[in-house]
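Here is a briefing on one protein model. Look over the sequence and the structure, then read on by topic.

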Amino acid sequence: MAKLIYKFGSMGASKTANLLMTNYNYKTQGFGTLILKPEIDTRTHQVFSRIGIEHECLSFSRDQDLYSTIERLNVHAVFIDECQFCTYEQIEQLAHVVDDLKIYVFCYGLRTDFQSHLFEGSKRLFELADKIEQLPSVCECGNKSIMNERFINGRPTFEGEQIECGAEDKYITKCRKCYFEDQRKFKSETCIDKAI
Ligand SMILES: [Zn+2]
């Protein structure tokens with residue numbers, strides 16, 4: 001039976017590498033596959049892993065119906081990179097792809113944004129996925145990292161828009177303890193800045 005699978009992790013958790021390896025396994029067994037990613041990521045038509053592997057993909061817009069996109073293609077498994085940027089409706093469309101078209105859907109992405117809140121796509125995946133797996137990564141202190149901290153000009157920041165396209169190098173993965181320590185420092189520095 002096909003399944004909707006959600007694999008989440010913070011930055012640097014090898015999500016795209018995991019996606020590409022699983023895609024490769026399916027392909028070598030003779031299954032047709034498709035890799036999709038939201039257009040919000042500026043690096044369109046390719047998925048890249050930091051460990052140096054890449055693959056062509058199809059990009060889709062926020063208003064695109066993923067069910068009709070996938071229905072037209074003869075595939076057995078679909079892989080979504082950066083699935084946190086899918087809309088609520090698109091995650092539901094992917095659930096229908098699993099249930100009605102009997103196609104496996106693997107979603108890879110972040111759980112939370114730089115302010116530690118769920119993304120729209122991540123939230124709906126937690127609600128609907130058949131299987132959920134956390135891909136591990138480690139903080140500089142050695143703890144398990146689960147947060148994505150945003151840096152601007154080398155300084156952590158906890159304010160701003162949820163999505164900054166192509167700004168990936170401004171994020172560092174942290175454990176919860178280190179993240180909140182940085183947030184406390186940020187808040188006290190911001191108070192001082194405002195007081196001056
Ligand atoms: Zn830490």
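Buried means under 20% relative accessible area, exposed means over 50%, and partly exposed covers the range in between. At 30% relative accessibility, phenylalanine 180 therefore counts as partly exposed. The model is predicted.

**Zinc site**

- The zinc ion has four protein donors: Cys139 (SG), Cys141 (SG), Cys175 (SG) and Cys178 (SG). They lie 2.3 Å from the ion.
- Which arrangement do the four donor atoms form around the zinc ion? The angles they subtend run from 102 to 117°. Four donors count as tetrahedral if all angles lie between 85 and 135 degrees, so the arrangement is tetrahedral.
- Along the chain, the donor spacing reads C-x1-C-x33-C-x2-C.
- Cysteine 139 and cysteine 178 link distant parts of the chain, 39 residues apart. Cysteine 139 sits in the loop between β8 and β9 (147–152). Cysteine 178 belongs to helix α5 (residues 176–195).
- Cysteine 139 and cysteine 178 are both buried.

**Aromatic rings**

- The model holds 13 aromatic pairs, counting rings whose centres lie within 6.5 Å.
- Tyrosine 104 and phenylalanine 106 have ring centres 6.1 Å apart. Their planes meet at 20°, so this pair is stacked.
- Tyrosine 104 is partly exposed, at 25% relative accessible area. Phenylalanine 106 is buried, at 6%.
- Tyrosine 179 and phenylalanine 180 have ring centres 5.2 Å apart. Their planes stand at 85°, so this pair is edge-to-face.
- Tyrosine 179 is buried, with 0% relative accessibility. Phenylalanine 180 is partly exposed, with 30%.
- Ring pairs join Tyr26, Phe31, Phe79, Tyr104 and Phe106 into a cluster.
- A charge also meets a ring: arginine 150 lies over the face of phenylalanine 114, 3.7 Å from the ring centre.

**Helix α4**

- Helix α4 spans residues 120–128. Gly121, Ser122, Arg124 and Leu125 are buried there.
- Why do the buried residues of α4 line one face? Seen down the helix axis, they fall within an arc of 165°, so they share one face.
- An α-helix has 3.6 residues a turn, so residues three or four places apart point the same way.
- The cover over the buried residues of α4 includes β1 (4–8), α3 (88–101), β7 (104–109) and β8 (131–134).
- Serine 122 lies in α4. Its relative accessible area is 0%, so serine 122 is buried.
- Serine 122 touches Tyr6, Gln84, Leu110 and Arg111, leaving out residues up to four places away in sequence.

- Most residues other than glycine have a negative phi.
- Glutamate 82 has a positive phi, near 55°. Glutamate 82 is in the loop between β6 (77–80) and α3.
- Is glutamate 82 buried or exposed? Glutamate 82 counts as buried, at 12% relative accessibility.
- Serine 116 also has a positive phi, of about 70°, and is not a glycine. Serine 116 is in the loop between β7 and α4.
- Serine 116 is partly exposed, with a relative accessible area of 26%.

**Leucine 94 in helix α3**

- Leucine 94 lies in helix α3. Leucine 94 is buried, at 0% relative accessibility.
- Which residues does leucine 94 contact, leaving aside neighbours within four places in sequence? They are Leu4, Leu66, Ile70, Ile80, Val105 and Cys107.
- Leucine 94 and phenylalanine 106 are twelve residues apart in sequence. In space, they are 9.5 Å apart, C-alpha to C-alpha.

**Asparagine 25 in helix α1**

- Asparagine 25 is found in helix α1 (residues 15–28). Asparagine 25 is partly exposed, with a relative accessible area of 46%.
- How far apart in space are asparagine 25 and isoleucine 163? The distance is 32 Å, C-alpha to C-alpha, for a separation of 138 residues in sequence.

Conventions
Residues numbered from 1 in each chain as written. Predicted model: local features only at pLDDT ≥ 70, side-chain atom pairs only at ≥ 80, totals over all residues. Heavy atoms only, no water. Buried < 20%, exposed > 50% of the residue type's maximum accessible area, 1.4 Å probe, protein only. Helix = DSSP H or I, 4+ residues; strand = E, 2+ residues; numbered from the N terminus. Arc of directions from axis to C-beta. Contact = heavy atoms within 4.5 Å. Donors = N, O, S within 2.8 Å, 3.2 Å for Na, K, Ca; no water. Tetrahedral: all angles 85-135°; square planar, octahedral: opposite > 155°, others 65-115°. Phe/Tyr/Trp six-rings, centres within 6.5 Å; stacked < 30°, edge-to-face > 60°. Lys NZ or Arg CZ within 6 Å of the ring centre and 35° of its normal.
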